[in-house]
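This report covers a few side-chain features of one protein chain. Please look over the sequence and the model before reading on.

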Amino acid sequence: MISILFGLISHTPLVILRAISFVLTKLLIMFGSKQFEITKSNIKHCFGNKNELIHKSFSETIEMSLMFPFIWGKKNNYKELLDPNYIDKKNLDDGKPKLFFTLHMGCVDMLVFILSELLSQINILYTPVKNVRLEKKLKSIRERGGAQMLPATTKGVKDLYKSFLANESLLIASDLVPHDKGCLLYTSDAADEEDSVDLGGRRI
């Protein structure tokens, strides 16, 4: 079922996915969805009552929820989100180990594919999904280009440290907090697991 869903979304043109995202955003706002109310509460808490920012944040959250399966479901779909010839213009594999820091949600999943193509080896610290079947599927997708995914657990951090000492290239999300609980994959339910979570439809 997961593979079918990813396949359907990944074969849908981006312009149609963005149109679906636009309509879905309007409907969720109109009907006062739980996710929208949480986003509104988070933005107000941090920045005050800024309706434009609230709507923009929620709109991008909904669009991102379609972009993930779009890049997961088809090998080179991530390139459609990059500038033309971006990969061809880059040359990172000079034999020297590299340490990359990035933001967490979204950026890591793009860089998994980009760095797998630009480097012969890359280790990436990430938060596994709690759903075992989904985690197995996502891990195989993320590692299909040669990357090694290291869970943000005690063991994963130890493995990351060992790879650092072995002069291997690393990618770390600078806002990722290692723990052994797992990730609920960007749902509002994540708010019940942690004291603070991101603004993308979840409580802080």
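Is E60 buried, exposed or partly exposed, and what is its relative accessible area? E60 is partly exposed, with a relative accessible area of 44%. Here buried means under 20% relative accessible area, exposed over 50%, and partly exposed in between, with a 1.4 Å probe and protein chains only.

The model is predicted: local features need pLDDT of at least 70, side-chain atom pairs count only at pLDDT 80 or more, and totals for chains, interfaces and linings use all residues. Residues are numbered from 1 along each chain as its sequence is written, and side-chain values use heavy atoms, with hydrogens and water left out.

**Salt bridges**

Side chains of opposite charge can pair when their charged atoms come close. A salt bridge is counted when a side-chain nitrogen of Lys or Arg is within 4 Å of a carboxyl oxygen of Asp or Glu. Searching the whole structure gives eight salt bridges, among them the pairs in this table.

| Pair | N to O distance |
|---|---|
| K40 and E37 | 3.5 Å |
| E60 and K56 | 3.1 Å |
| K139 and E143 | 3.0 Å |

K40 and E37 are three residues apart in helix α3 (residues 34-47), so about one helical turn separates them. K40 has a relative accessible area of 22% and is partly exposed; E37, at 35%, also counts as partly exposed. E60 and K56 sit four residues apart in helix α4 (residues 51-73), again separated by about one helical turn. Helices are DSSP runs (H or I, at least four residues), as are strands (E, at least two), numbered from the N terminus. In the remaining pair of the table, K139 is partly exposed at 29%, and E143 is partly exposed at 24%.

**K98**

K98 lies in the loop between α5 (86-89) and β1 (99-102). With 18% relative accessibility, K98 counts as buried. Its side chain reaches the backbone oxygen of L92 at 2.9 Å. Apart from neighbours within four places in sequence, K98 is in contact (heavy atoms within 4.5 Å) with L92, L119, E168, S169 and L170.

**A nonpolar patch**

F22, V23, L27, M30 and F31 make a nonpolar surface patch of about 570 Å². Patch residues have over 30% relative accessible area and no salt bridge; like charges are joined within 9 Å, and nonpolar side chains (Val, Leu, Ile, Met, Phe, Trp, Tyr) within 5 Å. Accessible areas come from the Shrake-Rupley method with a 1.4 Å probe, and for residues only the protein chains shown count as cover.

Note on methods
A polar contact is a pair of N or O atoms within 3.5 Å; within protein, one must be able to donate a hydrogen and the other to accept it, and residues adjacent in sequence count only if both atoms are side-chain atoms.
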